[in-house]
Amino acid sequence: MSALDSVLVQCPYCWETLDISIDPSVAEQEYVEDCQVCCQPILLRVVIDDNLTPHVEARAENE
């Protein structure tokens with residue numbers, strides 16, 4: 001089992017920078033995580049490229 005990677009994203013509601021954990025063993029994933037500051041639901045889309053670099057998109061859940 002691989003360790004989780006830490007990635008910084010910006011909350012689309014309160015604009016705070018959040019430290020989230022992602023699983024680098026899953027190439028593409030999409031899930032909802034609540035903001036640690038304002039508790040709003042954030043839709044996270046994570047893609048791990050061929051160089052194992054994570055690309056994270058954080059959007060408001062209702063977009």
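**Stop 1: H55 and its partner**

Select H55 and D49 to start: their side chains are joined by a polar contact of 2.9 Å. (A polar contact here is a pair of N or O atoms within 3.5 Å; within protein, one must be able to donate a hydrogen and the other to accept it, and residues adjacent in sequence count only if both atoms are side-chain atoms.) Before you go on, note that this is a predicted model, where local features need pLDDT of at least 70 and side-chain atom pairs count only at pLDDT 80 or more, while totals for chains, interfaces and linings use all residues. Residues are numbered from 1 along each chain as its sequence is written, and side-chain values use heavy atoms, with hydrogens and water left out.

H55 sits in strand β5. Strands (E, at least two residues) and helices (H or I, at least four) are DSSP runs, numbered from the N terminus. With a relative accessibility of 43%, H55 counts as partly exposed; the scale is buried under 20% relative accessible area, exposed over 50%, and partly exposed in between, using a 1.4 Å probe and protein chains only. Now show what surrounds H55: setting aside neighbours within four places in sequence, H55 is in contact with R45, V46, V47 and D49. Contact means heavy atoms within 4.5 Å.

**Stop 2: the salt bridges**

How many salt bridges does the structure hold? There are 2, counting a side-chain nitrogen of Lys or Arg within 4 Å of a carboxyl oxygen of Asp or Glu. Side chains of opposite charge can pair when their charged atoms come close.

Select R45 and E28 for one of them, at 3.6 Å from N to O. R45 belongs to strand β4 (residues 41-48) and E28 to strand β3, so this pair ties together parts that are 17 residues apart in sequence. R45 is partly exposed at 31%, while E28 is exposed at 54%.

Then select E57 and R59, whose side chains also meet in a salt bridge, again 3.6 Å from N to O. E57 is partly exposed at 36%, and R59 is partly exposed at 26%.

**Stop 3: Q29**

Move along to Q29 in strand β3 (residues 28-34). Is Q29 buried or exposed? Its relative accessibility is 15%, so Q29 counts as buried. Look for the backbone oxygen of D23, which lies 2.9 Å from a polar atom of the Q29 side chain. Beyond four places in sequence, Q29 is in contact with D23, L44, R45 and V46.

**Stop 4: Q10 and W15**

Select Q10 in strand β1, partly exposed at 41%. The Q10 side chain reaches the backbone oxygen of W15 at 3.1 Å. Leaving out residues within four places in sequence, Q10 is in contact with W15, E16, T17 and A58. Q10 and R59 are 49 residues apart in sequence, yet their C-alpha atoms are 9.1 Å apart in space.

Now click on W15 itself, in the loop between β1 and β2. W15 is exposed at 56%, and its phi is near 70°, a positive value in a residue other than glycine. L52 has a positive phi too, near 65°. You'll find L52 in the loop between β4 and β5 (54-60), exposed at 63%.

**Stop 5: the core and the cavity**

Select V7, V9, C11, L18, I20, I22, C35, I42, L44, V46 and I48: these 11 residues make up the largest nonpolar core. A nonpolar core is a set of buried Ala, Val, Leu, Ile, Met, Phe, Trp, Tyr and Cys residues joined through side-chain atoms within 4.5 Å. β1 (5-10), β2 (17-22) and β4 each supply at least two of the core residues, and β4 gives the most, with 4. Zoom in on L18: not counting residues up to four places away, L18 touches V7, L8, V9, C11, C35, Q36, V37 and I42.

Last, select V9, L18, I20, E33, D34, Q36, I42 and L44, which line the largest cavity. Its volume is about 40 Å³. β2, β3 and β4 each supply at least two residues of that lining. (A cavity is a set of points on a 1 Å grid over the protein atoms alone where a 1.4 Å probe fits but cannot get out, and lining residues have an atom within 4 Å of a point; grid points are joined across faces, edges and corners, and the volume is the space filled by probe spheres set on the points.)

How values were computed. 1 Å grid on protein atoms, 1.4 Å probe; cavity = no way out; pocket = protein on both sides within 12 Å on 5 of 7 lines; lining within 4 Å.
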